[in-house]
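Subject: Structure for you to look at

Hello,

Here is the structure I said I would pass on. My notes on it follow below the sequence and coordinates.

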Amino acid sequence: MKILITAGPTREPIDPVRFISNRSSGKMGLALALTAIERGHEVALIAGPVSVDLSAIPRVITVETADDMLHAVRRELEWCDALVMAAAVADWRPAEVIAEKLKKNNMPRNLQLEPVPDILGTIAPAKGSRIFVGFAAETGNLLEEASRKLVAKKLDLIVANDVARPDSGFESDTNMATLITASAKPGAPVLMTKQELAGRIVQWIESRGP
Ligand code: C5P
């Protein structure tokens, strides 16, 4: 199958040297890409500024902002059979980007923010028969929140990930996670390595077929 994967955080500029971002490392997206390649699939990886080595992935498209990621996903969507949105897209960006570096003694006390575009929401009309997989990183009401996002984001599968624990989520090598679909009652989250979780996700995609 042709699998499009997004990874890492996005960076939303404040001025030429400062940005808003999050703690995503890109480990989950990398594990997904490696697993899919190992299992014989064609992979394109759209990566924000990750802190992992992507040199083992033949096709990487690097992006910076949520807007860049949206454009890259839009461009590659037609090519793929399945999209896995593992990226932790920054939720907000400064409403205005300052062209010159802000001086320390001239810093605004408040930053005006606006929401970034919702990538899955924007591309949903072009889904067709493609399989869409999303992630829900939550610190509370994991199964309820993830199930709500499965429906709201019109996903086939959502990976519910408990990021309240130090051994799960951003920067960690393991995730406390469970896979949720519309058709089955969600199982209890299990602690597993990102490689194990990637294997389960890719196998689920294979079971749905192109
Ligand atoms: O609502 P929330 O950000 O928790 O949803 C997470 C899922 O939505 C992830 O799969 C993420 O990659 C995707 N997402 C998106 N566009 C955004 C924010 C998140 O597609 N602006």
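With 210 residues, the protein chain has a radius of gyration of 17 Å, which agrees with the value near 17 Å for a compact globule; the radius is taken over C-alpha atoms, and the globule rule is 2.2 Å times the number of residues to the power 0.38.

Some conventions before the rest. This is a predicted model, in which local features need pLDDT of at least 70 and side-chain atom pairs count only at pLDDT 80 or more, while totals for chains, interfaces and linings use all residues. Residues are numbered from 1 along each chain as its sequence is written, and side-chain values use heavy atoms, with hydrogens and water left out.

Overall

The C-alpha trace spans about 55 × 35 × 35 Å along its principal axes. The protein chain holds 5 helices and 12 strands (DSSP runs numbered from the N terminus: H or I of at least four residues for helices, E of at least two for strands). Of the 210 residues, 47% count as buried (under 20% relative accessible area; exposed is over 50%, partly exposed in between, with a 1.4 Å probe and protein chains only).

Among contacts (heavy atoms within 4.5 Å) between residues at least 6 apart in sequence, 61% join residues at least 24 apart. There are 25 positive and 26 negative side chains, and the centres of the two sets lie 2 Å apart. Lys and Arg count as positive and Asp and Glu as negative, without His and the chain ends; each charge is placed at NZ of Lys, CZ of Arg, CG of Asp or CD of Glu.

Cores

A nonpolar core here is a set of buried Ala, Val, Leu, Ile, Met, Phe, Trp, Tyr and Cys residues joined through side-chain atoms within 4.5 Å. The largest one has 30 residues, and Ile-3, Ile-5, Leu-32, Val-133, Ile-201 and Ile-205 have the most contacts inside it. Two or more residues each come from β1 (2-7), α1 (27-38), β4 (42-47), β6 (82-85), β9 (131-138), β10 and α5 (194-208). Another core, of 29 residues, lies apart from it and includes Met-69, Leu-77, Leu-83 and Ile-119.

Leaving out residues up to four places away in sequence, Ile-201 touches Met-28, Leu-32, Val-133, Phe-135, Leu-157, Val-159 and Leu-179.

Single residues

Gly-29 is found in helix α1 and counts as buried, at 2% relative accessibility. With the residues up to four places away in sequence not counted, Gly-29 touches Ile-5, Thr-6, Ala-7, Leu-45 and Ala-86. Its C-alpha is 9.6 Å from that of Val-50, 21 residues apart in sequence.

Glu-96 sits in the loop between β7 (92-94) and β8 (113-115) and is exposed, with a relative accessible area of 59%.

Most residues other than glycine have a negative phi. Lys-154, in the loop between α4 (142-152) and β10 (157-162), has a positive phi near 55° and is exposed at 56% relative accessibility. Glu-171, in the loop between β10 and β11 (174-180), has a positive phi of about 70° and is partly exposed at 41%.

Regards
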